[in-house]
Amino acid sequence: MITVHNLCKQYGELEVLKSLSTEIRKGEVVSVIGPSGCGKSTFLRCLNLLETPTAGDILINGESLLAKDAMVPKVRQRMNMVFQSFNLFAHLTVLENLTLGPIRLLGKSRQEADSHALELLRLVGLAEKADRFPDELSGGQKQRVAIARCLAMDPEIILFDEPTSALDPTMVREVLSVIRRLAKEGMTMVIVTHEMDFARDVSQRVFYMDEGGIYEQGTPEQIFESPQREKTRAFINRVRSYVCSLDSPDFDLYALNADLEAFCEKQILPRKTRHNLLLLVEELLQLHRPRLGSAPLNIQVSYSEKTEVLELQFEQRGPRFDPLEASDQEDDLGLILIRSFAEDISFAHEQGVNRLTLIVRK
């Protein structure tokens, strides 16, 4: 139903979309997720030409939207959009908001438009609000009216631009339940959302956007349970990281400790966990010190909000070197401390890189 070829969008020197290509089938529900500023809303707005693409092409049922003779208003009637901010006409009643478009653009009679509008208001649970004005409604009710107004134009495709982002958390559920119902009825939908559980529940496919395009896509199970690419995994697990590189044995341990403390405070980690992390780093640095200067030692601390796991990784290029095998003394105090403060330890030497990974004990 929707085919996108090499879609590009620039704002001056800023390239937001870079040769994005995809297809969306009739009746398919696609959720678009990704970090803020990655181009999700721009992609959606380009699909119905609220933003004019810099290059590329968009086809709806085989008809190019960017052709010189394209009937864009007609296409927009078939592909409607629901915005974050409702965009209801404040001076019109709920019923009048729903009937304005069908009467003026579709040529429906007042009676026909009113009858259809009331059916749609019943669908979204707001028939009793037909004679109210938007200012008399809650945020969740306004968004449900916006969805009903969109449906009043008999669209084949609905684009949702973060439909719950402006809502109080208590109102989100009522809007999502309406979208779920539309999905069950086979409406083709593209939904930009930050509601991960909803995206997982309602979608046939999920696009993770980053680096100006669709960085990774797949079924909800693939994206949310076993993402293949690094940035997708970090986003899904809500991973926050601290990274540093040491080039000399004369590194500033106090500055490093201060940075690690600040990272832990930002993640609101318990004091005991911070203490364990600092001790692990200090002991591992002592084991690595003889090799510092031969190649940069990269240290990464990652915390997953989803799993609440704090991971510490030491990585250095060179011949195989497992620092925990460096001492033959099983009673070495440093090794005892490391094994005490780490829940899990793994070592790998691949393609000339030594990588020691530890899960910090809580």
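Biologist: In which loop is E305 found?

Modeller: This is a predicted model, so read every value as computed from it. E305 sits in the loop that links β12 (297–304) to β13 (309–317). Its relative accessibility is 35%. Buried would need under 20% and exposed over 50%, so E305 counts as partly exposed.

Now its partners. Setting aside neighbours within four places in sequence, E305 is in contact with N237, R238 and R240. Take R240 from that list. E305 and R240 are 65 residues apart in sequence, yet their C-alpha atoms are 8.0 Å apart in space.

Next, the helix packing. Two packed helices are described by the angle between their axes and the distance between the axes. Start with α11 (residues 271–288) and α12 (residues 333–341). Their axes come within 9 Å and cross at roughly 145 degrees. The crossing of α11 past α12 is left-handed. On the α11 side, the residues are N276, L279, L280, E283, L284 and L287. They meet G334, L335, L337, I338 and F341 of α12. By class, this contact has 8 nonpolar, 2 polar and 1 charged residues.

A second pair is α3 and α5. Here the axes come within 8 Å, with a crossing angle of roughly 25 degrees. Angles under 35 degrees count as roughly parallel, and α3 and α5 therefore fall in that class. The crossing of α3 past α5 is right-handed. V94, N97 and L98 of α3 meet V145, A148 and R149 of α5. The class count for this contact is 4 nonpolar, 1 polar and 1 charged residues.

In soluble globular proteins, nonpolar side chains tend to be buried together. In this model, the largest nonpolar core has 37 residues. L121, I147, I158, F160, L182 and M189 touch the most other members. The elements giving two or more residues to this core are α3 (94–104), α4 (110–123), α5 (139–151), β7 (157–161), α6 (169–184), β8 (188–192) and α7 (196–202). With 7 residues, α6 gives the most.

Look at F160 in detail. Leaving aside neighbours within four places in sequence, F160 is in contact with L44, V82, I147, I179, L182, M189, V190, I191 and V192.

How values were computed:
Residues are numbered from 1 along each chain as its sequence is written. This is a predicted model: local features need pLDDT of at least 70, side-chain atom pairs count only at pLDDT 80 or more; totals for chains, interfaces and linings use all residues. Side-chain values use heavy atoms; hydrogens and water are left out. A nonpolar core is a set of buried Ala, Val, Leu, Ile, Met, Phe, Trp, Tyr and Cys residues joined through side-chain atoms within 4.5 Å. Buried means under 20% relative accessible area, exposed over 50%, partly exposed in between (1.4 Å probe, protein chains only). Helices (H or I, at least four residues) and strands (E, at least two) are DSSP runs, numbered from the N terminus. Contact means heavy atoms within 4.5 Å. Axes are lines fitted to C-alpha atoms, for helices over the stretch in contact, and angles run from 0 to 180 degrees between N-to-C directions. Angles under 35 degrees count as roughly parallel, over 145 as roughly antiparallel, 65 to 115 as roughly perpendicular and the rest as oblique. A crossing is left-handed if the near helix is turned anticlockwise from the far one by less than a right angle, and right-handed if clockwise. Ala, Val, Leu, Ile, Met, Phe, Trp, Tyr, Cys and Pro count as nonpolar, Asp, Glu, Lys and Arg as charged, and the others, Gly among them, as polar.
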